[in-house]
Amino acid sequence: MLCMCAHYEAVSQPERLHELFKVAMPTGAVADVWPGYAGIFIRHPREAQQGDGVAPWREAMAGSFGLIPHWAKDPSLAKKTYNARSETVATKPSYRDAWRLGRRCIIPAEAFYEPDWRSGRAVPTRIARADGKPMGIAGIWTGWRAPDGSIVRSMSMLTVNADEHPLMKNFHRPEDEKRMVVVLEENDFDRWLSPLDRPEAMLRSLPAEKLVAGASM
């Protein structure tokens, strides 16, 4: 199985989260996120979609990194569903309901990590925005009812092919397909969260000059 972005650094400073995403910091999330850990995702609440004028346009919540579909027997599936391929998100059983229902979200991150294999061994590499701003990564979210009746929310990052991307083609094993998470431009945040006829048109790679990479400590 090809593993893509399995580790990222969430936005942990409330002021940075509010400055770019216009949301308050939720409780329960961690800063160093791996599959199954609780990260932050931003959604457009259903109440706001109904136009009652009460709900905020954007809402930040804590959720498991790794989508847990309604039919999952337990939350361990999150360790396999943290990335959704844009080419198959509408048809793969783990993701298709969230995609069909328009449960799109933004996952705020300071950086994500990928292994650079050009030296012959995996060198963990931190990838961030070149302008120093947090990233808004395109994702999908859902809710899963646990055996105790509680609702566990979860999310997955969307990915696109990066075989020809000047920066992202350098990561993962030479024989692997190159992929990258979808980093949204700031002026696309509300469009991504809003009802769209063709949201797949927004699933594209961020230009290499807008990213910076360096070996992690």
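Keep in mind as you look that the model is predicted.

Let's begin with S64. You will find S64 in strand β4, which covers residues 59-65. Its relative accessibility is 11%, so S64 counts as buried, because buried means under 20% relative accessible area. What does S64 touch, once residues up to four places away in sequence are set aside? Its contacts are G36, Y37 and A38, then A78, and finally R153, S154 and M155.

How many disulfides does a search of the whole structure find? The count is zero. For C105, the distance tells you why: the closest cysteine sulfur, in C5, is 13 Å from the sulfur of C105, too far for a bond. A disulfide would need the two sulfur atoms within 2.5 Å. Are these two cysteines buried or exposed? C5 has a relative accessibility of 0% and so counts as buried. C105 also counts as buried, because its relative accessibility is 0%.

Our last stop is H172. Look for H172 in the loop between β9 (151-161) and β10 (179-181). Although H172 sits in a loop, this residue is buried, with a relative accessible area of 7%. Which residue's side chain is joined to that of H172 by a polar contact? The partner is E114, and the contact between the two side chains is 2.7 Å.

Note on methods. Residues are numbered from 1 along each chain as its sequence is written. This is a predicted model: local features need pLDDT of at least 70, side-chain atom pairs count only at pLDDT 80 or more; totals for chains, interfaces and linings use all residues. Side-chain values use heavy atoms; hydrogens and water are left out. Helices (H or I, at least four residues) and strands (E, at least two) are DSSP runs, numbered from the N terminus. Buried means under 20% relative accessible area, exposed over 50%, partly exposed in between (1.4 Å probe, protein chains only). Contact means heavy atoms within 4.5 Å. A polar contact is a pair of N or O atoms within 3.5 Å; within protein, one must be able to donate a hydrogen and the other to accept it, and residues adjacent in sequence count only if both atoms are side-chain atoms.
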